[in-house]
Amino acid sequence: MDAWIDTHCHLDEFAVHGGAAHADAERARAARAGVVHCVLPAVELANLQAVRAMAHRHGDSYALGIHPLYTPQARDGDLQALERMLEQCLPDPRLVAVGEIGLDFFVPGLDAARQERFYRAQLQLARRFDLPVILHVRRSADRLLKGLRELPVRGGIAHAFNGSLQQARAFIAMGFKLGFGGAVTYERALQLRRLAAELPLDALVLETDAPDIPPHWLYVTAAERAAGAAPARNSPAELPRIAAVVAGLRGIEAGELARASRDNACAALPKLRALLA
């Protein structure tokens, strides 16, 4: 069985919605499918401890940060609290990045200036602690790149990348890997599938963003939801099947993609290498 790394999984969300046993069961199901490691990013001050505890519970790793969608409810003092937590956890080998941070210009009603302030402050923290970053990129690639040019960090992952080829090359030139997940399984995602097929193999990492971004085989239509079906919930156990789609687009064997994507994840998040040894 091929060994896979899910570089972006909100496993703590399974515990929020179904309890710790549910999260444990999902992680165990993923392990049986060949997912040997998950990276668990935080999204707000309230779940920093939760992702840390869950990573230790399952032998995984974690990132600490404030997600752009959580900036409306975040207090200004949360940045100082995050800084203290990063300083405290820096010796922990399972802390691999600052994240999930970034900018979201898709969701209406968000304060762009406030997002930008939190993004830049967290880039400064990544620089201070010499950590890579895990970036939320949604209709914001150019602004994210501008911040990185002005406040360069030691690379990381552009999560759920869905930008242009030019933007992809710009992130790669800055030492970033690009995360591909469930969205690449949709046949109408033509540009994304083209990127997955044509970008250099050493630029790709794999992810699920579970329980979000379900692959096409889990998708529940609006009509089905209106009829009472539960919304789709992704799982880290879906990663090997998502990877099979990417391998098919590239015309390579799954094993080759598994080896390359593991190497790429370790290049993006260097502390992973010792955890996987």
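How many bridges join β2 to strand β3 (residues 61-64), and in which sense do the two strands run? The answer is 3 bridges, with the strands running parallel. The legends below describe a predicted model, in which local features need pLDDT of at least 70 and side-chain atom pairs count only at pLDDT 80 or more, whereas totals for chains, interfaces and linings use all residues. Residues are numbered from 1 along each chain as its sequence is written, and side-chain values use heavy atoms, with hydrogens and water left out.

**View 1. Strand β2 and its two partners.** Helices (H or I, at least four residues) and strands (E, at least two) are DSSP runs, numbered from the N terminus. Strand β2 (residues 35-41) is largely enclosed by the rest of the structure, because 6 of its 7 residues are buried; buried denotes under 20% relative accessible area, exposed over 50%, and partly exposed in between (1.4 Å probe, protein chains only). Strand β1 (residues 4-6) is joined to β2 by 3 bridges in a parallel arrangement, and two strands pair if DSSP finds at least two bridges between them. Cysteine 38 in β2 faces aspartate 6 as its opposite residue, while leucine 40 stands opposite tyrosine 62 in β3. Together with helix α3 (residues 48-58), β2 and β3 form a right-handed β-α-β unit; right-handed means that, with the strands pointing away from the viewer, the path from the first strand over the helix to the second runs clockwise.

**View 2. Arginine 27 in helix α2.** Arginine 27 belongs to helix α2 (residues 20-32) and counts as buried, at 5% relative accessibility. A polar atom of the arginine 27 side chain lies 3.2 Å from the backbone oxygen of valine 35. Residues up to four places away in sequence aside, arginine 27 touches Leu11, Val35, Val36, His37, Cys38, His58 and Asp60, where contact means heavy atoms within 4.5 Å.

View 3. Of the 6 residues of β5, 5 are buried. Strand β4 (residues 95-104) pairs with β5 in the parallel sense over 6 bridges, and aspartate 104 stands opposite arginine 138 in β5. β4, helix α5 (residues 112-129) and β5 make up a right-handed β-α-β unit. β5 also pairs with β6, in the parallel sense and over 4 bridges; isoleucine 134 has isoleucine 157 in β6 as its bridge partner. The β-α-β crossover that leads from β5 through α6 to β6 is right-handed.

View 4. Gln167, Ala168, Ala170 and Phe171 are buried in helix α7 (residues 165-173). These residues lie on the same side of α7, because they cover an arc of only 160° around the axis, the arc being that of the directions from the helix axis to the C-beta atoms. The buried residues of α7 pack against β5 (133-138), α6 (141-150), β6 (156-159) and β7 (176-180). Just after α7, glycine 175 adopts a positive phi of about 90°.

**View 5. The largest nonpolar core.** A nonpolar core is a set of buried Ala, Val, Leu, Ile, Met, Phe, Trp, Tyr and Cys residues joined through side-chain atoms within 4.5 Å. The largest one has 69 residues, of which Leu64, Leu86, Val133, Leu135, Phe171 and Phe180 touch the most other members. Helix α5 gives the most to this core, with 6 residues.

Notes:
A polar contact is a pair of N or O atoms within 3.5 Å; within protein, one must be able to donate a hydrogen and the other to accept it, and residues adjacent in sequence count only if both atoms are side-chain atoms.
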